[in-house]
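Welcome, and please have your viewer ready.

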Amino acid sequence: MGTGADSSAAPARAATGVLAATCVSAFVVNANTSAVSILLPAISDDTGASLATLQWAVTGYSLVGAAVIVTSGALGDIFGRRRIFIGGLLLFVASCVLIALANGAGLVIAGRAIQGAAGSTILACGLSLLSAGISGETQMRSVSLWGAASAAGAAAGPLLGGLLVDITGWQGLFWIDAGIAAACVPLTLRTVRESLDPSRPRSIDIAGTLLVAGILVPFVFAVTEGGDWGWLSAKTLVCFIASAAAVIGFAVVEKRVSAPLIDLALLRNKILVGSSVAILVVAGCINAVMYICSLYFQNPDGLGMTPLQAGFATLPAAAGIVATAPLITPLVDKAGARKVIAGGFAVATVAFAVLGFVHSSWAYGAFVVPMVVLAVGLGLANGPSSSVATACVTEDQVGAASGISNMGRYVGAAVLTAVTAALFNSVAVRQQATGAANADALASGFSRSAIGLALFCAFGIALALLVGRIRPAGLPSTAHYAVAGSHTVPTTPSAGTAGTPRAASTGAAGAPGTAGGAEA
């Protein structure tokens, strides 16, 4: 009798352990990511580095994450998801310590780049462990909790970051995150069983990973520095040429390797490509607007907020995303994903257009309604786009499709943040050079950045309407949208269990079959 009780209690303990390890780590990773923009002014004051330089602490994180997100999933499939997950946790701890001890911008940026690799590994392998370690209806609830933890981390990050700046200095966030991530290691070792995919090819597309970085890094350098270098200068042109050459090299490599980073045949699926680009735009807009808001709100010539006040100031946007989540499924059921995506982008376009009228006389109250409306619009566009990305392919292609869409999130965050930061800085500097007051120059930089993001959202409207009618076979469940504005959840149903996510499958791409939101 006692043996039976022990044997039934063991799976329950294992399920609780894997849920705790994955949810806590997802919360920490997303909170850390969203808090960094709030910390940048304090880091700038402490290190003497310019905010334009420290922008690479945000962009570098996303660039490395884009290159590593699929590869980390493949490593987990081959060598064991628990092993790679723990490796991601240890790397995250090391990156936090490096950043906390940094006395200059170089180490902060390097630490954030390492953190990009660690964060993408934790999220990819953590979700795989959760999906493989728990089955049935419990899996659905667990995945929803994981999504809630991710969303809560993204929403709480700016507030926690602002609070810690006042109490411990900006380094406090990284010391605390390092401690929590370190505590997850023994928890994972004690409670999480190892899992892997013995049927997956043993090769890793390292060349593809490096070429993704080769595409993105020079491109982002060009769009960030092109205004200062000159758009037709030798350095700018070399960066663009290097990026284009890497694109060609990537296409050649992906056709020849046995387990490609991206299945190029899937790029003929216009719905997958369209939804992935929509995800890219949503992720980019969220990250970009939070970046410029954190700088404008804290700048003495802007709103002059403290870091804690700036953290509180982001809560309306987080509230808008949370409030939108339960509305997405019934709206898609009634109108179809295409109309919801296009409508979401239309709402976001209007909100950005309103922010385009920002003036130095604006108080914080004038920002609140546009921020909430913007969050609602991007949330509406994000949820269906994320689900469509994996619902528009066959079951054996889910992993490859999720790899494309997840990479799109990181690419969007990196590129649009870099473009927006460059526009913000260049407009402000140009206005100051013509004799404008600092407050007016800063407001002009914010205004032009908002107009630029409005144009990206307007492109999202056209994209949704041009791709064609999108209605996934079998409408997504609430769990599919549980992490809109955060990260990812599985979408493929288990055999015999309608509506229940199956164990994450990586397919050719090596990333879990997922659909969710972008890191704020």
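How many of the 520 residues of the protein count as buried? The share is 58%, where buried means under 20% relative accessible area, exposed over 50% and partly exposed in between (1.4 Å probe, protein chains only). Before you click further, note that this is a predicted model, in which local features need pLDDT of at least 70 and side-chain atom pairs count only at pLDDT 80 or more, while totals for chains, interfaces and linings use all residues. Residues are numbered from 1 along each chain as its sequence is written, and side-chain values use heavy atoms, with hydrogens and water left out.

**Whole chain.** Switch to a cartoon view: the secondary structure comes to 15 helices and 2 strands. These are DSSP runs (helices: H or I, at least four residues; strands: E, at least two), numbered from the N terminus. Of the contacts with a separation of 6 or more, 83% join residues 24 or more positions apart; contact means heavy atoms within 4.5 Å.

**Trp-231.** Select Trp-231 next, in the loop between helix 7 (206–229) and helix 8 (234–256). Trp-231 is partly exposed, because its relative accessible area is 47%.

**Ser-444.** Finally, move to helix 15 (residues 438–467), where you will find Ser-444. Ser-444 counts as buried because its relative accessibility is 14%. Show Val-427 and Gln-431 too: Ser-444 is in contact with both, leaving aside its neighbours within four places in sequence.
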